Structure formats: structure tokens, C-alpha cells
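Hello,

Here is the structure we talked about. Please look through it first, then read the notes below it.

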Amino acid sequence: MKDTLRHQGKRQQLVKIIKAKGIQNEMVLKAIGKIPRHLFMDSGFEDHAYEDKPFPIGADQTISQPYTVARQTELLEVKKGDVVLEIGTGSGYQAAVLLEMGVVVYTIERQRELFKRTNLFLPKIGYRPKKMVFGDGYKGLPEFAPFDGIVVTAGAPFVPKPLMEQLKVGGKLVIPVGENVQIMTVYTRKSEKEFEKKEYGEFRFVPLLEDKN
Ligand code: SAH
């Protein structure tokens, strides 16, 4: 589990690339510049870790593209101490970005193998979510709601109602919505009953799957 000067150098290149693609939030750029993304993938694929691309992580799942992680994090508009729920823990990279920014993270994964692996791996490299849950993200985590932000890292065919309900007033839900292609959509809770909706272009995610348990 090494992080060498070569890795660090490549990482700074990656920061430049996503900055050039439009990411402006300094906290996000700093987090990406710091997190050893190569450790989140199988060794042997290290050379791809600092390309701005998604990558397979086993169990038919992917670690999201760095630009996409950065964009979703930026759209959450969170600050240190805010409480965020992530749907789709996957490799844990998105969670690490939030933790690096001082955010309190709850995260849910429905794939048992991935859940187990990431549950062991993240603390090993010093990232400790408040809770990592094996379960169905469509339901959110009502027992720990409300959240300052909710980020869905898989493509949702529709917006799950429980996620809207678990937002604080002023909080944001960042969710890619669609079947084959997704539109990055942000819902801001304006009051108990009112939500403002904004769209931020097309992305491609693995699907948010309905629970089989
Ligand atoms: N945030 C991850 C991206 C993982 S890809 C990262 O940074 O690496 C999306 C993840 O969502 C996959 O791990 C997939 O298993 C998970 N997922 C799909 N449907 C889900 C659901 N209903 N509830 C929770 N997780 C889900």
C-alpha cells in the first residue's frame, strides 16, 4: 500500500485535468490531489488510476471517473462538519473525497462483496465514515436523517421519494437520473414541501438496482 512520488506527480496532473474540465471548488481539488486513488483499484491497474476515466473494480461495478466524483461533490455544496449520505459506496473513493473535506459520511452499498471489501479497506488507509451500511439505497437511512446532502453514485431510473424526505431544509440531493444515459440533477429543499430542481448535463453510471434482499 505504497504512495510514491511518482503517484503523487501523476495525481497533480489529474488535478490539472479536472480543473481544465471546469471543477473550481478548491476543497474538492485538494482532496483529489491527496487521495491515493491507485489503492482503490487492483494492483496491476495502477497505471490507469490517475487517468480521468472510470474503472472496473470487480463485482460488475466501477470506480467513478474522477471528474464525475469531483462534479457531484462540488454540486453538493457542502462544508466541513456537514452530514452527507452517499448511495453506492463502491470502492469508497467518493466517500474518501467527502471525508478529506471534513464531511461526516454515511454510505450504503447493496453488493455484499464490495461492501465487505470497502468496509475493511477504507479504515486501513485512514478514512472512517460514520457508518457503512449494507442495504438498499432506495430507502435511504431514515434512522440517521435528515442530511445536509445526499449523493447518489449510480444511475437512478427515477428519484426515490425517501431520499427527498431525508433532506434537511436547505440541503441538496445530487442524483443522476435516467436509464441508459443520466441527467445530473440537483434538488434543493427550499422548505418542508418545496424543492428546486436544476439539471447539469449528461453522464453515464452503472444502474441503481432495486433490492433483491
Ligand atoms: N461511489 C462509488 C461508485 C460506485 S458505482 C465509488 O466512488 O467508487 C455505484 C455503486 O452503487 C456500485 O457499487 C453498486 O453496487 C451500488 N448500488 C447499486 N444499486 C444500489 C442500491 N440500490 N443501493 C445501494 N447501492 C447500490
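**The pockets and the ligand**

The largest pocket has a lining of 36 residues, and those nearest its centre are Thr62, Gly88, Thr153, Ala154 and Val206. Please keep in mind that this is a predicted model. The space in this pocket comes to about 530 Å³. By class, its lining consists of 15 nonpolar, 16 polar and 5 charged residues. At least two lining residues come from each of β2, α3 (66-76), β3 (83-87), α4 and β4.

What takes up the space of the largest pocket? The ligand does. Around the ligand there are 26 residues, with Glu86, Ser91, Glu109, Gly137 and Leu209 coming nearest. This shell is made up of 10 nonpolar, 12 polar and 4 charged residues. β2 gives the largest share of the shell, 3 residues.

- Ser91: a side-chain N or O atom is 2.7 Å from an oxygen atom of the ligand.
- Gln94: a backbone N or O atom is 3.0 Å from an oxygen atom of the ligand.
- Gly137: a backbone N or O atom is 2.8 Å from a nitrogen atom of the ligand.

On its own the ligand has 580 Å² of accessible area, and the protein covers 99% of that.

The second largest pocket has a volume of about 220 Å³. Ser91 is also part of its lining, and other lining residues include Met1, Phe40, Arg117 and Lys124. This lining divides into 6 nonpolar, 2 polar and 3 charged residues.

Regards

Terms used: Residues are numbered from 1 along each chain as its sequence is written. This is a predicted model: local features need pLDDT of at least 70, side-chain atom pairs count only at pLDDT 80 or more; totals for chains, interfaces and linings use all residues. Side-chain values use heavy atoms; hydrogens and water are left out. A residue is near a molecule or strand if one of its heavy atoms lies within 4 Å of it. A polar contact is a pair of N or O atoms within 3.5 Å; within protein, one must be able to donate a hydrogen and the other to accept it, and residues adjacent in sequence count only if both atoms are side-chain atoms. Accessible areas come from the Shrake-Rupley method with a 1.4 Å probe; for residues, only the protein chains shown count as cover. On a 1 Å grid over the protein atoms alone, a cavity is a set of points where a 1.4 Å probe fits but cannot get out, and a pocket is an open set with protein on both sides within 12 Å along at least five of seven lines; lining residues have an atom within 4 Å of a point. A molecule sits in a cavity or pocket if more than half of its atoms lie within 2 Å of its grid points. Helices (H or I, at least four residues) and strands (E, at least two) are DSSP runs, numbered from the N terminus. Ala, Val, Leu, Ile, Met, Phe, Trp, Tyr, Cys and Pro count as nonpolar, Asp, Glu, Lys and Arg as charged, and the others, Gly among them, as polar. Grid points are joined across faces, edges and corners, and a volume is the space filled by probe spheres set on the points.
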